[in-house]
Amino acid sequence: MMKLHTDHTYTLTLHVHNQPGVLVRCAQVFARRGHNIESLHVSNDRSNPAFSTMRITAFGQPEMMDQVVAQLHKLIDVTNVTVHEES
Amino acid sequence: MSVTTKKQSQAKKADKTVRLDGAQALVRCLEAQGVEYIFGYSGGAAIPIFDALVTTHTGIKLIMARHEQGATHMADGYARASGKPGVVLVTSGPGASNTVTGLMTAHMDSVPIIVISGQQIRSMLGLDAFQEADIFNITMPVVKHNYLVRETNDIPRVVAEAFHIATSGRPGPVLIDMPKDVSSGSFTGNLKHDVSLPGFSNQTPLLNPEQVRQVAEMVRNAKRPVVLAGHGVLIANASQQLQTFADMYDLPVTTTLLGKGAIDETSSRALGMLGMHGTAYANKAVMEADVLINIGSRFDDRIVGDAAAFAQDKTIVHVDIDVAEHQKMVPVDVAVHADAREFLDAMVKLKGKASHVGWNQHIDGYKKQYPLNYREDEGLTQQQVIDTLARLTKNDAVVATDVGQHQMWAAQFYRTRRPNDWLSSGGAGTMGFGMPAALGAAYARPGQTVIAICGDGGFQMTEYELATAAIHELPVKIVVLNNHYLGMVRQWQELFYDDRLSGVDMEGNPDFAKLAESYGIKAVNIEHVDELEDSLKAALDYNDGPVLINCEVIKTDNVYPMIPAGGAYSSMLVSAPTRKLDKPTGST
């Protein structure tokens, strides 16, 4: 999906339960709504290996991104989501 | 024998009796959850679990369906009619994939069901082994959560979490995939397990008392307030509080399709269903409202139509337990994150009062001007069958519907009086839902009249469950409103596609009465208006088992009112249009 000139770029930081399938669950929230993930970085939480941190960069309209964040929050294996808007 | 050895041998014996395999541990965990029935279909990978239903001498009853889709709709109907989670047990591969439609149906309508599927042994996963389906990944988008159990001792944790997730907050389906070597492996853990889900418990709402006062103030100052009650009111078991709230503030109440029964639809405050095929008076009241209080509805597109037009010139309050629903479809002024009952309890506690006599009289005028009606001069209509059923059962039956024209007419003409009496696939629109859902409801509500209202199309999608109804002698009234068409699609083709009929003719329908009789089920045919009353009475009086009532209804009739998909409420057709219509902007 090409970035439209009206799109904003967002960086989402997710704290997730380190379970098989958690990446798929998160990716599906984007894919179902026609969003590409531009970059993705997953690293294990050193203080608690049962959890990981995902850093996702994506672009889209503010309303759509609000819905993406709300749906990510709902996932049982996602414990926290924070969003930074870059432009 | 010495005392010590006797003790030792007793301990050994006791130890033996608690030694379980995974499947037996699973059954004990299901018992601890209060499960009464399992709707299922066996198969190779699930044999250990079916075996455990025998070896544990459990009190849980297995209801053997004829297809896994039927089993999931039964569990769904059981859950909707009882307020308790429904449980399904199937095998791997196609057994599991056949539950996808039922999972999606339950997911769209926030219904708590637990599907347990057998699976290939762990070492075969990903190797395309016989009847191996990656059901964990297949079902991910249509469940609230799912599990692939990897260790036998994990079973109690997974079951405890699955039931907690399915029934808490906004309910939904959970799938548990269980490899055969996990279910037949030796269980050495603790059957009790506390639920700890940090990513789930942080979604619990905390009602803001300031918002409650703000909403009370808005309702008091409103000139034309309307309450929209959704499924959330029923899930929260808050219909009494809703009635009290409406009485205190003198408010008219409309419901969504799934909210039917949140308020007694025969009472004067009730406006019936709103939206695409809602009553004209509900739609006009919402269109003219200055304050709309939505409690527990997700503003489905068949409610909203044109979102901008819907929200225009009104203040909207949206009470929802799921924050993701706030601002999703409609921009709202006050978004209240709360359980419907907690919110209504708080509203009632404020002891506020208001009177909206003029506004209610104005809406009563619409009720007189645009009553629901149907033709009585051109033969047997679906509406007349439903209307007569409602009258003969005093609106006191549990009604399950299928999907299509008959569903909308049932929503209009069978006015629901109590919570959990109305079971319909709203979000997913799953044809084939009605009859198996009614069978599940018959288990949930023994002694109550249960009616399945189906079309001839949807009925054929799951008609094989007639066997289940017959075997268990479930006294369900299965009404097939047979117009030999997929009526709703035909209606759209007539109205928006120049009457070009394509893929809607149900040529080849069997003789439904003979079909039922071949299962040993009593059946009647109704072809004329003058035999309707007596035949329905006889069918309703028969309670020794299921009865199928095939009604030959007029072939071409359309559901009105109708707001074309995606359209504004102002585009509502209260009767057949006199001019050619543009294609709707919305999909369905």
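**Exercise 1. How many Å separate the centres of domain 2 and domain 3 of chain B, taken over C-alpha atoms?**

The model is predicted: local features need pLDDT of at least 70 and side-chain atom pairs count only at pLDDT 80 or more, while totals for chains, interfaces and linings use all residues. Residues are numbered from 1 along each chain as its sequence is written, and chains are lettered from A and ligands numbered from 1 in the order in which they are written.

Step 1. Chain B is divided into domain 1 (19-201), domain 2 (209-369) and domain 3 (382-560); these bounds come from an automatic or database domain assignment.

Step 2. Taken over C-alpha atoms, the centres of domain 2 and domain 3 of chain B are 30 Å apart.

Step 3. Domain 2 of chain B gives 15 residues to the contact and domain 3 of chain B gives 16 residues. Two residues are in contact if their C-beta atoms, placed from the backbone, lie within 7 Å.

Step 4. The side of domain 2 of chain B that touches domain 3 of chain B has 5 nonpolar, 6 polar and 4 charged residues. Here Ala, Val, Leu, Ile, Met, Phe, Trp, Tyr, Cys and Pro count as nonpolar, Asp, Glu, Lys and Arg as charged, and the others, Gly among them, as polar.

**Exercise 2. State the strand order of the open sheet in chain B and identify its edges.**

Step 1. The sheet contains 6 strands in the order β16-β15-β17-β18-β20-β19 (chain B), with parallel pairing. Strands (E, at least two residues) and helices (H or I, at least four) are DSSP runs, numbered from the N terminus, and two strands pair if DSSP finds at least two bridges between them.

Step 2. The edges are β16 (422-423) and β19 (522-526) of chain B; each has a single partner strand, so one side of each is left without a neighbour in the sheet.

Step 3. Within the sheet, β17 (residues 450-455) and β18 (residues 476-482) of chain B pair in the parallel sense over 6 bridges. B:I453 has B:V479 in β18(B) as its bridge partner.

**Exercise 3. Determine how many residues of helix α19 of chain B are buried, and what they pack against.**

Step 1. A residue is buried if 20 or more other C-beta atoms lie within 10 Å of its own, exposed if 12 or fewer, and partly exposed in between, with C-beta atoms placed from the backbone.

Step 2. Helix α19 (residues 382-392) of chain B has 8 of its 11 residues buried, among them B:V385, B:I386 and B:L389.

Step 3. These buried residues pack against α20 (405-413), β17, β18, α26 (532-541) and β20 (547-552) of chain B.

Step 4. Just after α19(B), B:K394 takes a positive phi of about 55 degrees.
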